[in-house]
Amino acid sequence: MVIDEPATATALAAGLNLTVDVVESLLADLQREYNGYTGNAPEADVASQTSTTNSTNTGNNNGNTTAPRGFELRNIAGGWRIYSRPEFAEIVGAFVLEGQTARLTQAALETLAVIAYRQPVSRARVSAIRGVNVDSVVRTLTQRGLIEDSGTDPESGAILYRTTSYFLERMGIGSVAELPQLSPHLPGLEGIEEFYDAGRM
């Protein structure tokens with residue numbers, strides 16, 4: 001609950017002096033338990049839920065199910081971490097943030113989106129896509145830990161940027177491959193070559 005980044009099964013195994021296989025099995029059991037399932041078979045869970053609904057007992061039934069917890073265990077960004085459940089996010093946020101949020105500006109969101117989908121990418125390339133200078137925005141995103149230096153372009157020597165594991169964590173995904181596909185939201189591909197040519201200028 002208190003670590004700065006998701007804990008890998010390997011790190012947990014080392015800390016607990018257990019094998020990785022055992023730790024991964026225990027994590028899966030915990031994840032299932034926190035979701036309200038304590039039985040071994042899905043069929044038993046369904047039967048137990050039906051039985052519980054039809055009875056006055058709101059606790060577990062024959063040890064098969066319990067009410068879901070207010071938190072859940074997620075495997076994201078290459079590790080495991082405990083989160084509050086999405087349905088309670090507003091309530092938890094009110095206590096943690098006390099009504100104050102540090103939101104990204106529209107410019108920062110747009111720049112972050114370009115980097116996320118085009119990474120690794122240089123500032124010049126991002127500026128060409130957005131049509132404005134993004135130097136200050138890139139600095140802000142770097143300071144917030146959402147993007148990082150990914151080496152240099154072998155041709156131009158420009159610094160390349162990519163998203164960080166913290167970005168994945170905030171997005172609630174395991175890798176950039178899980179980002180939503182853009183193709184359904186794009187217009188026709190007529191003139192795509194001209195677009196790329198303009199970006200290279």
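Trainee: Which residue in the turn of the hairpin formed by S4 and S5 has a positive phi?

Mentor: This is a predicted model, in which local features need pLDDT of at least 70, side-chain atom pairs count only at pLDDT 80 or more, and totals for chains, interfaces and linings use all residues. Residues are numbered from 1 along each chain as its sequence is written, and side-chain values use heavy atoms, with hydrogens and water left out. Helices (H or I, at least four residues) and strands (E, at least two) are DSSP runs, numbered from the N terminus. The residue is Gly157, with a phi of about 80°, and six residues lie between the two strands of the hairpin.

Trainee: How many bridges join strand S4 to S5?

Mentor: Two strands pair if DSSP finds at least two bridges between them. Here four bridges join S4 (residues 147–152) to S5, and the two run antiparallel. Ile147 stands opposite Thr163 of S5. Strand S3 (residues 121–122) also pairs with S5 (residues 159–163), in the antiparallel sense and over two bridges; Ser122 has Leu160 as its bridge partner.

Trainee: What is the angle at which helix H5 and helix H7 pack?

Mentor: Two packed helices are described by the angle between their axes and by the distance between those axes. Axes are lines fitted to C-alpha atoms, for helices over the stretch in contact, and angles run from 0 to 180 degrees between N-to-C directions. H5 (residues 106–118) and H7 (residues 135–143) pack at about 80°, with axes 10 Å apart. H5 is therefore roughly perpendicular to H7 (65 to 115 degrees). In contact terms (heavy atoms within 4.5 Å), Ala107, Ala108, Thr111, Leu112 and Ile115 of H5 meet Val137, Val138 and Leu141 of H7.

Trainee: Which residues have the most contacts inside the largest nonpolar core?

Mentor: A nonpolar core is a set of buried Ala, Val, Leu, Ile, Met, Phe, Trp, Tyr and Cys residues joined through side-chain atoms within 4.5 Å, where buried means under 20% relative accessible area (1.4 Å probe, protein chains only). The largest has 21 residues, and those with the most contacts inside it are Leu112, Ile115, Val126, Leu141, Ile147 and Phe167. H5, H7 and helix H8 (165–171) are the elements that give two or more residues to this core; H5 gives the most, with five.

Trainee: Which residues of helix H6 are buried?

Mentor: In H6 (residues 123–130), the buried residues are Arg125, Val126 and Ser127. Just after H6, Gly131 takes a positive phi of about 80°.

Notes
Parallel < 35°, antiparallel > 145°, perpendicular 65-115°, else oblique. Buried < 20%, exposed > 50% of the residue type's maximum accessible area, 1.4 Å probe, protein only.
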